[in-house]
Amino acid sequence: MKIVSCRNLVKIYQNSKVTTPVLSGINLSIEQGEFCGITGPSGSGKTTLLYTLSGLEPITDGELLLFEKNIKDYSAGEIADLRKFQIGFVFQFYNLIPNLTAFENIKLAQIIAKRDDDEQVLTALEMVEMAQFKDYFPNELSGGMQQRVAIARCLVNQPQVIFADEPTGNLDQKTGQEIMTIFQKLNRQGITIILVTHSEDNLRYCSRHIKLTDGKIIHDHKLEV
Ligand SMILES: Nc1ncnc2c1ncn2[C@@H]1O[C@H](COP(=O)(O)OP(=O)(O)OP(=O)(O)O)[C@@H](O)[C@H]1O
Ligand SMILES: [Mg+2]
């Protein structure tokens, strides 16, 4: 099963004053079970690639298939459903809601997906080893712990794929490795991971390395895990 594939994908940001070509002719195909690490210089288009591949940002030209279906054939509602049920996102800054506990932050993601299962919330917290902190507020948790909660939040609706944009970018090296180990564990359970990183060190957790420069793929190789 192909999670995502694209041919000649082009992304140009256009506003009233400037036209910014960002991705020019991206070709790739990511299979279920892969752990892709995307690297490249700042401004090379890594975040834009994640956002277009996941359907968050519309593409300008080319062809994009998500779960083997052309993005053009999804309705807005179906894309919203993809984000709720099949795709998880993790960001550099954890984006937790400050006045909700760890449990409640995750519960909210579940409610948005119109589900109600407290056991599932606890399971998600256990998967990231945070069950004992379920009643803590974000400002009572370290950065690494907040990132664990953010990962649990995207796990609660059992996504097939997680898109992560520099999830260790704000963490010290040791904590970053703990977070990478969690992604590795999730990947071994079958979740596809597509992760942008500045750290070459993180590539040792990945099964594939894609390198971008100036909006083009200049390197795409399998890695030994
Ligand atoms: N919403 C937007 N509107 C206009 N231009 C944008 C927008 N988002 C990104 N860009 C531009 O697209 C280019 C690539 O940005 P992008 O954020 O994808 O790079 P990146 O590789 O993720 O960089 P970094 O490593 O710094 O996060 C940059 O020139 C940026 O200014
Ligand atoms: Mg970026």
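## Around the ligand

Let's start with ligand 1, whose surroundings are Y13, V22, P41, S42, G43, S44, G45, K46, T47, T48, E166 and H198. Keep in mind that this is a predicted model. Sorted by class, that shell holds 7 polar residues, 3 nonpolar ones and 2 charged ones. Helix α1, which covers residues 46-53, gives the largest share of the shell, with 3 residues.

## Polar contacts with the ligand

T48 has a polar side-chain atom 2.5 Å from an oxygen atom of ligand 1. For T47, a polar side-chain atom sits 2.9 Å from an oxygen atom of the ligand. With S44 it's the backbone that takes part: one of its polar backbone atoms is 3.3 Å from an oxygen atom of ligand 1. As for cover, ligand 1 exposes 630 Å² when taken alone, and the protein buries 60% of that.

## The chain as a whole

Now zoom out. The protein chain is built with 6 helices and 10 strands, and its C-alpha trace spans about 45 × 40 × 40 Å along the principal axes. Its radius of gyration is 17 Å, which agrees with a compact globule, because one of 225 residues would come out near 17 Å.

## Inside and outside

What share of the 225 residues is buried? The figure is 48%. Among contacts with a separation of 6 or more, 69% link residues 24 or more positions apart.

Note on methods: Residues are numbered from 1 along each chain as its sequence is written. Chains are lettered from A and ligands numbered from 1 in the order in which they are written. This is a predicted model: local features need pLDDT of at least 70, side-chain atom pairs count only at pLDDT 80 or more; totals for chains, interfaces and linings use all residues. Side-chain values use heavy atoms; hydrogens and water are left out. A residue is near a molecule or strand if one of its heavy atoms lies within 4 Å of it. A polar contact is a pair of N or O atoms within 3.5 Å; within protein, one must be able to donate a hydrogen and the other to accept it, and residues adjacent in sequence count only if both atoms are side-chain atoms. Accessible areas come from the Shrake-Rupley method with a 1.4 Å probe; for residues, only the protein chains shown count as cover. Helices (H or I, at least four residues) and strands (E, at least two) are DSSP runs, numbered from the N terminus. Ala, Val, Leu, Ile, Met, Phe, Trp, Tyr, Cys and Pro count as nonpolar, Asp, Glu, Lys and Arg as charged, and the others, Gly among them, as polar. The radius of gyration is taken over C-alpha atoms; the globule rule is 2.2 Å times the number of residues to the power 0.38. Buried means under 20% relative accessible area, exposed over 50%, partly exposed in between (1.4 Å probe, protein chains only). Contact means heavy atoms within 4.5 Å.
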